[in-house]
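Try each task yourself before reading its solution.

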Amino acid sequence: MGRNDRKRRTPMATKAIAASAALAIGGAGLIWAQMNASAHESSSSGQNATKAAAASAVATIACPDVGQQLTNVPQKARQGVAVELANLDKQITEAYARLASTRQAQANDASFVQNAIVGPLKEKRAATIDRIRIDIQRVGGTVNATALAQLAACTTQNATNTTTAGGQNNGGGKNNNGGQNNNNGGQNNGGQNTAAPSASASAPAANNGGQAGNGPTAADFVDITKVAANVQAKPQNSGQASTGTFTTKCGVNANKNHNTDNVIVAPGVTNGAHHEHDYVGNQKVNAFSTNDSLLAAPSSCQNQSDLSSYYWPVVRVQDGTKEFDQNALGGGQEGNVGKILTAQSAQIKYVGSPASKVVAMPQFLRIITGDAKTLTNGLANANAHWSCTGFENKVQLTEQYPICPQGSNVVRTFAFQSCWDGVNIDSANHRTHVAFADPASGVCGNGFKAIPQLTMRLVYKITPPTIQADGTVKNAYAVDGFPEQLHKPSTDHDDFISVTKNNLAAKIANCINTGKKCQ
């Protein structure tokens with residue numbers, strides 16, 4: 001067990017501890033139908049109506065993210081631990097399905113959720129967490145067994161307290177130059193700082209909005225023209241700055257290469273992500289990929305020496321479209337519904353450090369930026385950036401999706417960690433081997449080395465959502481995510497595995513260090 005305090009946030013963001021996840025699962029499937037029916041059954045007595053109202057408030061089961069706490073897992077135990085962590089995610093999904101299909105029982109028995117769902121979930125998690133302890137200790141690792149066991153218990157959350165940080169938006173995370181954004185763009189515009197009514201007339205009693213009943217809500221959107229500027233200035237370049245850039249053109253996933261795996265976090269586990277990813281670059285990435293198979297795979301990049309895997313959650317417009325995965329895990333069965341959008345453009349660029357030269361990325365380096373579970377984990381590792389064309393240098397949003405003006409497109413940007421420990425290509429929690437540079441100076445701390453900073457800019461043409469008089473959202477769009485995370489904007493994240501041939505990694509570093517613009 002250990003701390004992971006590499007990523008420092010501004011005071012407001014530090015206070016913005018996220019609320020727990022809320023449930024609605026199943027799209028048009030059986031679970032959704034059962035939940036919808038039981039949540040809206042009429043009652044003939046005031047007493048029954050009161051019970052139903054009370055039950056509908058129990059919308060959430062929030063569980064500690066065990067994986068984020070595991071910073072010292074021996075290499076020999078990591079595969080086994082990864083499988084058990086994936087089991088924990090699956091258990092949460094199953095618990096939410098149980099919650100969704102038992103609304104009438106919850107209405108009739110105030111203790112039902114605790115006795116039939118939360119209690120059994122704790123027992124399952126305790127057994128799984130103990131297997132993690134055994135896996136670590138079996139190979140000679142050490143673990144604080146008491147602290148680990150305490151992560152088994154989950155809590156419930158009502159429907160009125162499921163917006164990240166109470167709906168406050170700080171533009172936070174990291175800006176595109178790797179520094180932290182400031183927080184002067186507070187977005188309680190139009191009173192949108194509380195959970196809004198459902199975006200569907202048939203949404204479940206949990207009142208979480210969206211086509212599948214698990215978000216987004218009106219509170220998740222903001223008119224970007226009404227947001228104060230919040231982008232912080234970049235650090236000044238020092239005399240040792242590396243000012244070049246290297247752009248790799250890998251397409252927009254027009255060939256629709258999707259899956260719901262995550263080979264970094266859950267190797268060997270099908271549907272380990274519980275949401276769809278877009279893949280560009282390496283074209284043979286799934287849960288069972290190995291370093292050798294990645295080296296042998298084709299690439300969508302123009303530079304065929306770039307076999308790196310660049311992948312991110314898809315964006316969907318919740319317009320009622322039944323996508324290819326409508327009845328599949330990771331798709332409609334887990335609340336990810338609507339039309340999958342292909343980005344209009346996808347720029348992948350490596351940039352330098354304002355403070356020093358960079359070293360080449362090591363082969364097979366893995367980096368995850370952002371956090372898919374901010375409703376559970378809080379915003380400490382959030383690194384989502386949403387904006388609109390024409391506003392990117394002024395406003396970057398972390399906790400709300402932008403409503404762009406006419407003629408402007410939605411923009412997602414990612415700026416990955418740009419400091420590396422110089423030794424490891426991955427770490428137990430997939431975070432501690434890399435870090436962000438100091439936001440003011442751009443300097444890498446703790447003996448870390450500056451590496452080329454991977455940045456991505458994805459542009460989407462989306463009809464602007466509108467907030468209806470009843471608080472529902474027309475033409476809502478959202479990033480795919482774990483069903484209990486309510487499709488919050490702050491859960492956006494991006495994944496990368498560096499795989500190159502023909503000395504490309506060194507060429508990228510040299511281009512950046514010599515101030516050139518290469519591709």
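**Exercise 1.** Work out whether Phe221 is buried or exposed.

*Solution.* Keep in mind that this is a predicted model. Start with the cut-off: a residue is buried when its relative accessible area is under 20%. Phe221 comes out at 0% relative accessibility, so it counts as buried.

**Exercise 2.** Find out how the rings of Phe221 and Tyr401 are arranged, and what their pairing ties together.

*Solution.* First check the distance: the two ring centres are 5.4 Å apart, and rings pair if their centres lie within 6.5 Å. Next, look at the planes. The angle between them is 35 degrees, and the pair is tilted. Now place the partners: Phe221 belongs to strand 3 (residues 221-223) and Tyr401 to strand 13 (residues 401-403), so the pair joins parts that are 180 residues apart in sequence. Tyr401 is buried too, with a relative accessible area of 0%.

**Exercise 3.** Name the cluster of linked rings that includes Phe221.

*Solution.* Follow the ring pairs and you get Phe221, Trp386, Tyr401 and Tyr477. In total, the structure has 9 aromatic pairs.

**Exercise 4.** Which rings have the charged end of Lys373 or Lys394 sitting over them?

*Solution.* Take Lys373 to begin with: its charged end sits over the ring of Phe482, 4.9 Å from the centre. Then turn to Lys394, whose charged end sits over the ring of Phe391, 5.9 Å from the centre.

Note on methods: Residues are numbered from 1 along each chain as its sequence is written. This is a predicted model: local features need pLDDT of at least 70, side-chain atom pairs count only at pLDDT 80 or more; totals for chains, interfaces and linings use all residues. Side-chain values use heavy atoms; hydrogens and water are left out. Rings of Phe, Tyr and Trp (its six-membered ring) pair if their centres lie within 6.5 Å; planes under 30 degrees apart count as stacked, over 60 as edge-to-face and the rest as tilted. Helices (H or I, at least four residues) and strands (E, at least two) are DSSP runs, numbered from the N terminus. Buried means under 20% relative accessible area, exposed over 50%, partly exposed in between (1.4 Å probe, protein chains only). A charge sits over a ring if NZ of Lys or CZ of Arg is within 6 Å of the ring centre and within 35 degrees of the ring normal.
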